[in-house]
Amino acid sequence: MEMETLKLIFDIISIGFVIYLIGYSVFLFLSVIIGATTLYKKKMQDRLMNKFTENYFIPISIVVPAYNEEVTVVQTVKSLLTLDYKLYEIVVVDDGSKDTTSKQLIDAYNMHPVRRPLHRSIECQPEEFIYESHEQKVPLTLIRKKNGGKADALNMGINASQYPYFICMDADSVLQYDSLRKLVVPVLEEGNIVAVGGTVRPSNDVELFEGKVKRYQLPNNILACMQLLEYDRSFLASRILFDKFNGSLIISGAFGMFKKETVIAAGGYDHGTMGEDMELVVKLHSYCLTNNIPYSIKYATDAVCWTQVPEKLRDLKKQRKRWHLGLFQTLWKHREMMANPKYGPVGFISYMYFLLYELLSPFIEVFGVFTMVAAYFIGLLNLPFMLLFLLVYAGYNSILTLTAFFSRIQTIDLTIKPMDCLKAIMLCFFEVTTLRFIMAFVRLTAFKGYKKKKLDWGRIERKKMNI
């Protein structure tokens, strides 16, 4: 009787695990197909007509928070000065770096100290000094402040910005030369846009010249290459699908544009979360829906930001732990949205997806695998069937990953070598079967000692980009 009860428990768990995997596979199929179709349609439309000429601009402030970024910050600013856009400013916020981040910028751009008042629309740590330079094509401002974390640095940048829209980006990232022109298109098309997210692509081993791709290749580092496949699947899938019903819950902290007035009204970036980028977007949804404010959050598929991804497993583990903690903190803080009719599709679809297939996924996947292993050792598992199912699941997800990868390559007119094609095909299976489960175990340990890391920037090793 005990064996029959145990078998029933294992059967229920196994069936639940299989249903979970099938549910994710169906979502991935729909999102990749819709995403790829959207990309190809947009490419054809762009060829047939040019709705917005170079004479249409929206004033933009680019806010670059930096902490110990002496290796990359000068390159980042240099790339920003080459953007094909006329009306913008650059505000770099040094969040109390312990290296020479500020000195590198001051020396590179002949910056001079100034005394200027800062209107504190959002609370943040006090500034230590302000430097400016007007020798470039757009104003460049450097603010050195007391350390308060990335969210605090972004709030300082918002306070110091002059224009109605601001872009937040990382100090180790590079914007493509036409990214601003493409990012503002949704704002020109609609009047109620409060945020627009761009596409983030790994820059490892990519050579850029004045914001243009001079030489494109897949990263030589295997870990970075698998992340590239992961990025393409993620951005093509959930971002475009959720964009169809105004349900995007995340805009990457590496590249996103926001309406300053609305962000200030909603309270700015939250100091208490590690995922300040996602928390702000969810907060904007909550603020606008609660106050019956017409709004839209869009995703610009062709506005590209190039960023470094970790090439060492220990750095990737730090990054993913931080991301998972940020996800948990955001979903917990806004838990009233869960399946709440007041929030419409955002509460029923977007929130539930991030809860089940992002936050809880490592627990479900690891528990499911251990349950199957335990069932096998006590003779309660049909091993051939389960192995076949997992193999089909991995192959299916690999095909969708390659669909996302090649769709992105084709629609942004990049050329890759045959060896890179072969490399992507070979690595996609390992990304789905190996990297995904390694990261699941990593995310399981994310909560260990997290209270000590609330202001931790999550440092990973940087190297100079090919600019």
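This is a predicted model: local features need pLDDT of at least 70, side-chain atom pairs count only at pLDDT 80 or more; totals for chains, interfaces and linings use all residues.
**Ground rules**

I number residues from 1 along each chain as its sequence is written, and my side-chain values use heavy atoms, with hydrogens and water left out.

**Entry 1**

I took helices (H or I, at least four residues) and strands (E, at least two) as DSSP runs, numbered from the N terminus. I called two strands paired if DSSP finds at least two bridges between them.

I looked up the strand order. Ten strands make an open sheet, running β3-β4-β5-β2-β1-β6-β11-β8-β12-β7, with mixed pairing. The edges are β3 and β7 (173-175); each has a single partner strand, so one side of each lacks a neighbour in the sheet. I noted an average twist of 30° from one strand to the next. For angles I used axes fitted as lines to C-alpha atoms, for helices over the stretch in contact, and angles run from 0 to 180 degrees between N-to-C directions.

Next I checked what lies on the sheet. Helix α3 (residues 101-108) packs there and touches β1, β2 (88-94), β4 and β5 (140-145). Contact here means heavy atoms within 4.5 Å. The direction of α3 makes about 155° with that of β5.

**Entry 2: strand β6**

I went through β6 (residues 165-169) and found five of its five residues buried. In a regular strand the side chains alternate between the two faces of the sheet. In β6 both faces are covered, with Tyr165, Ile167 and Met169 on one side and Phe166 and Cys168 on the other.

I then looked up the neighbours of β6. Strand β1 (residues 60-66) runs parallel to β6 and is joined to it by four bridges. Ile60 stands opposite Tyr165, and Ser61 has Phe166 as its bridge partner. Strand β11 (residues 255-259) runs antiparallel to β6, with five bridges between them. There, Met169 has Phe255 as its bridge partner.

**Entry 3: helix α10**

Helix α10 (residues 313-333) has 21 residues and spans 30 Å from first to last C-alpha, close to the 30 Å expected at 1.5 Å a residue. I took the expected span as 1.5 Å times one less than the number of residues. Its buried residues include Asp315, Arg320, Arg322, His324 and Gln329, along with Leu316, Leu325, Leu327 and Leu331.

**Entry 4: salt bridges**

I counted a salt bridge where a side-chain nitrogen of Lys or Arg is within 4 Å of a carboxyl oxygen of Asp or Glu. The count came to 22.

Glu132 and Arg116 meet at 3.2 Å, N to O. Glu132 is in strand β4 (residues 127-133) and Arg116 in the loop between β3 (112-114) and β4, so the pair ties together parts 16 residues apart in sequence. Glu132 is buried at 15%, whereas Arg116 is partly exposed at 23%.

Arg233 and Glu431 meet at 2.7 Å, N to O. Arg233 is in helix α7 (residues 222-243) and Glu431 in helix α14 (residues 418-444), 198 residues apart. Both are buried.

Glu279 and Lys283 meet at 3.4 Å, N to O. Both lie in helix α9 (residues 276-290), four residues apart, about one turn of the helix. Glu279 and Lys283 are both buried. I also noted one network, in which salt bridges with shared partners join Lys150, Asp170, Glu276 and Arg322.

**Entry 5: aromatic pairs**

I paired rings of Phe, Tyr and Trp (its six-membered ring) with centres within 6.5 Å; planes under 30 degrees apart are stacked, over 60 edge-to-face, and the rest tilted. The count came to 16 aromatic pairs.

Tyr353 and Phe354 have ring centres 5.3 Å apart and planes at 85°, so the pair is edge-to-face. Tyr353 is buried at 9% relative accessibility, and Phe354 is buried at 8%. Ring pairs link both into a cluster that includes Tyr20, Tyr24 and Phe27.

Phe405 and Phe406 are also edge-to-face, at 5.0 Å centre to centre and 70° between the planes. Phe405 is buried at 0%, while Phe406 is partly exposed at 26%.

Definitions and conventions. Buried means under 20% relative accessible area, exposed over 50%, partly exposed in between (1.4 Å probe, protein chains only).
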